[in-house]
Each structure stands twice: as structure tokens, then as C-alpha cells.
Amino acid sequence: MDDEKRLQQIRKSAQMGCFGIDCVMHAAEHPALAQALAQQKAEYGEIFAQADALLKARGQRPRDIGAGAKTGSKMMAALRLRTPERDAKIAEMMVQGNTKGMIKSYRARRQCADDAQVRALSEKLLQTELHNVEQMKKFL
């Protein structure tokens, strides 16, 4: 995987993290969960901005997640939140999303080019996802 593809993947993962959190944040009942989601969204926003800046600095055009992915996520979140234990369901969805992101990150690590900035940002995303899973466990 070349540096541009990896940066696009990092950017999309962070963008999807922000979007996914936006889809469920309004339903969080416990203030600690809402605070954790806000913190995670800020972390994803920072990673997104860094990937975006690196792509632009390299003369690449950043690509956003597709409308289909957004629509599907929004619909799935709304469907899954039809439960009396919404906080636990939100935590479950966040763990699932982060796990998907980690799988992509682990695969990309094996194939990633040697650019130090890309490698560092990839590692930052992976560590963020790992931390997010740990943070959500107490709400399951």
C-alpha cells in the first residue's frame, strides 16, 4: 500500500469515526458516555485533520466517505438505538466500529510504505481505536 492510499484510508477511518459518533451521541443517556464520545470525536477530528493536511501537502486530493456509507450508518444507528438500554447499545456499536478500524490498521501496517509521518499517523489511529474500545467497555 502506498503512502497516499494509506493516508486516504486513515482520513476515511477518522471521518467515519466522527460521523458514527454523530449518529449516536444524541441518544447517550449517561453524561460520562456523552463525554467519552465527545472526546473520541475530538481525537478522530485531529487525526482526520492531520491526514488531510498530509495529503494536501503531497499534492493529493482528499476523498471523503461515500454517501451510501453515511446513509447506511445513520439508518443502522437509528434501528439499533430502538432499545431500552441505549448506552450499552451505543458502546457496543462503538466497539464494533473501532474493531473494524483496528483490523484495517493492522492489515495496512504490514503493507504500509516507509514514510515516517504516515507510519506515525497510522499508529496514532490504531492506538486511538484501542483506547476507545477500552473506554467503551464500562458502558457495555
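Me: Which hand does the crossing have where α4 passes α5, left or right?
Reply: It's a predicted model, with local features needing pLDDT of at least 70, side-chain atom pairs pLDDT 80 or more, and totals for chains, interfaces and linings using all residues. Residues count from 1 along each chain as written, and side-chain values use heavy atoms, without hydrogens or water. Helices here are DSSP H or I runs of at least four residues, numbered from the N terminus. With the near helix turned anticlockwise from the far one by less than a right angle, α4 passes α5 in a crossing that is left-handed.

Me: What is the orientation of α4 relative to α5, roughly parallel or antiparallel?
Reply: Helix α4 spans residues 86–111 and α5 residues 116–137, with axes 9 Å apart and an angle of about 155°. That makes the pair, with over 145 degrees as the cut-off, roughly antiparallel.

Me: Which residues lie nearest the centre of the largest pocket?
Reply: A pocket is an open set of 1 Å grid points where a 1.4 Å probe fits, with protein on both sides within 12 Å along at least five of seven lines; lining residues have an atom within 4 Å of a point. The largest one has a volume of about 690 Å³. Of its 25 lining residues, those nearest the centre are Met16, Ser73, Gln96, Gly97 and Lys100.

Me: Which helix gives the largest share of that lining?
Reply: Elements giving two or more residues to the lining are α1 (3–25), α3 (67–80) and α4. The largest share, 9 residues, comes from α1.

Technical notes. Axes are lines fitted to C-alpha atoms, for helices over the stretch in contact, and angles run from 0 to 180 degrees between N-to-C directions. Angles under 35 degrees count as roughly parallel, over 145 as roughly antiparallel, 65 to 115 as roughly perpendicular and the rest as oblique. Grid points are joined across faces, edges and corners, and a volume is the space filled by probe spheres set on the points.
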